[in-house]
Amino acid sequence: MSIAEERPIEATEIVDEDEARRARARRLDRIGKWTLPVLVMIVTLFLWDRLVVWNEIPHYILPGPGLVFETLIKDWAILFDALLVTLQITLMALAVAVIGGVGLAILFTQSRWVEMSFYPYAVILQVTPIVAIAPLIFIYVDSRLAGLLLCAWLVAFFPVLSNTTLGLNSADHNLRDLFRIYGATRWQRLRYLQLPSALPYFLGGLRIAGGLSLIGAVVAEYVAGTGGIGSGLAFRILEAGYRLNIPRMFAALILIAVTGVVIFAGLSFLSHMLLRKWHESALKREG
Amino acid sequence: MPTAPETLSGNRPEVLRMEGVDKTFAGNVQALKGMSLQVCEGDFISLLGPSGCGKSTALRLIADLIHPTRGRITWTGGQKAGDLGVVFQEPTLMPWATVAQNAWLPFRLRGKSYNSVKDDVLEALKLVGLEKFQNAYPRELSGGMKMRVSIARAMVTHPRLILMDEPFAALDEITRFRLNDDLLELKDKIGCTVIFVTHSVFESVFLSDRIVVMAARPGRVIRELTVDAPYPRDDSFRTSSEYAAHCRAASDALHQAMDLAA
């Protein structure tokens with residue numbers, strides 16, 4: 001009878017000290033990933049609150065977290081409408097950034113001449129601060145929505161363009177040769193080889209673009225500066241600032257931050273779902 | 001109907017012929033000089049030589065990835081889609097596609113739907129022993145299994161010629177031996193014609209019926225050896241005195257090639 005038969009090893013039994021240590025570390029990692037940031041937030045909120053109470057800071061300078069939360073609930077109708085406006089511009093800008101960025105990237109990889117001609121201008125648009133371009137845009141573009149969208153798009157499209165171009169050019173050279181040997185058309189090479197190769201790069205760019213389109217939308221609203229119905233969160237912050245309604249400023253700021261986190265998490269999840277079966281970045285490895 | 005040209009390999013019909021092929025790259029680097037080669041149906045030809053002797057250049061020329069500076073490469077009866085299969089040194093699989101989708105690629109690029117060629121794809125996977133892994137992704141396979149998928153893809157269209165560019169060089173010795181055996185078994189089953197690039201004397205003798213020994217600077221053919229041991233070959237061939245004698249002859253020719261390049 002072999003040793004293994006004499007002492008059957010349970011699937012759940014940890015076989016050595018090293019493995020036990022690793023399993024403990026994995027368990028702690030899993031717990032820590034959620035509990036630590038929550039703990040940091042609780043401690044920060046507590047210290048924030050105590051700072052305000054102990055120093056008797058007036059609420060028009062620094063409101064306590066409780067008051068900010070109250071304001072968030074009290075002003076929810078105004079803030080939620082504003083959030084929807086900002087979110088609408090952000091998502092539209094992101095969609096246009098994806099279409100424009102991927103479209104331009106495909107064009108660039110189909111023709112070196114097009115890439116050489118236009119890539120420098122894409123870089124110039126990217127490196128010029130949006131706050132410097134935005135006033136001009138609002139002079140020349142009549143529609144407020146179109147102006148906001150253009151600003152947000154200008155900020156967001158470059159990571160998509162740059163990453164997708166890199167991805168389309170990163171297809172394995174042996175696979176390229178294989179496609180040539182099998183007489184693939186340009187379209188087949190793009191569809192079956194270059195686009196799947198570019199997917200992880202594109203998704204990386206998309207995650208950056210998600211955050212940037214929110215930043216672009218907020219900055220554009222600041223510059224546009226028009227109020228009334230149909231104004232976004234940035235305008236509500238400006239307005240609250242003029243009225244020294246600091247709790248509402250904080251509440252709007254929190255909403256913007258939460259929106260950014262939700263967009264990032266959503267895009268990370270999308271990326272994980274699309275890559276989980278084959279890409280190194282989405283695979284779980286032991287040890 | 002034109003009669004088949006007279007061939008080196010008895011009365012087997014010719015597949016492809018290289019005549020006085022030169023290849024000079026930019027910077028006046030002569031990668032290949034005056035290479036002539038006749039490939040007949042059922043041949044297993046190894047190109048054996050040191051690095052830089054133009055073995056891979058010859059394969060790229062045959063695959064039409066580069067064009068000869070001088071000379072001609074002609075397919076007897078013309079080349080049609082699916083006539084050529086290629087296996088590279090790396091498995092070169094699409095990581096986002098399953099094993100079956102990878103093997104389907106040559107058909108897919110000819111506009112054939114998966115369902116219309118499913119039987120061929122599964123048959124090819126069965127021949128390399130991977131029919132149970134048709135839905136697996138390349139990352140789930142070992143190095144040897146990935147190479148089997150690559151071989152299945154190369155032969156799925158029943159090509160007239162398969163080019164193999166040091167396909168087993170990156171594998172461990174045991175896997176390499178097993179794949180050598182499997183390759184000969186495949187040759188026995190489907191009667192494919194192969195040009196096989198290798199650094200290994202032992203591999204070239206075990207697999208081929210003709211060994212083309214090449215020297216570097218400039219890349220050229222210096223000797224052509226015939227391994228007349230009958231197929232199928234197995235482990236008993238590997239330990240035979242006949243095998244040892246062929247290895248010695250190939251090894252001598254390889255040393256001569258290296259001396260010429262020194």
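**Notebook: chain B, sheet and helices**

I started with strand 1 (residues 14-25) of chain B, which pairs with strand 2 of chain B in the antiparallel sense over eight bridges. Pairing here takes at least two DSSP bridges between two strands. Strands are DSSP runs of E, at least two residues, and helices are runs of H or I, at least four residues, numbered from the N terminus.

This is a predicted model, where local features need pLDDT of at least 70 and side-chain atom pairs 80 or more, while totals for chains, interfaces and linings use all residues. Residues count from 1 along each chain as its sequence is written, with chains lettered from A and ligands numbered from 1 in the order written.

I looked up one bridge: Thr24(B) partners Gln30(B) in strand 2.

Next, the whole sheet. I found three strands in an open, antiparallel sheet, order 2-1-4 in chain B. Strand 2 (29-40) and strand 4 (70-75) are the edges, each pairing on one side only.

Then I turned to the helices. The axes of helix 2 (residues 99-108) and helix 3 (residues 114-127) of chain B come within 9 Å and cross at roughly 115 degrees. Axes are lines fitted to C-alpha atoms, for helices over the stretch in contact, and angles run from 0 to 180 degrees between N-to-C directions. So helix 2 of chain B is roughly perpendicular to helix 3 of chain B (65 to 115 degrees counts as that).

Last, the chain contact: I noted 16 residues from chain B and 17 residues from chain A. Strand 5 (84-87) and helix 2 of chain B each give two or more residues to chain B's side.

Notes:
Angles under 35 degrees count as roughly parallel, over 145 as roughly antiparallel, 65 to 115 as roughly perpendicular and the rest as oblique. Two residues are in contact if their C-beta atoms, placed from the backbone, lie within 7 Å.
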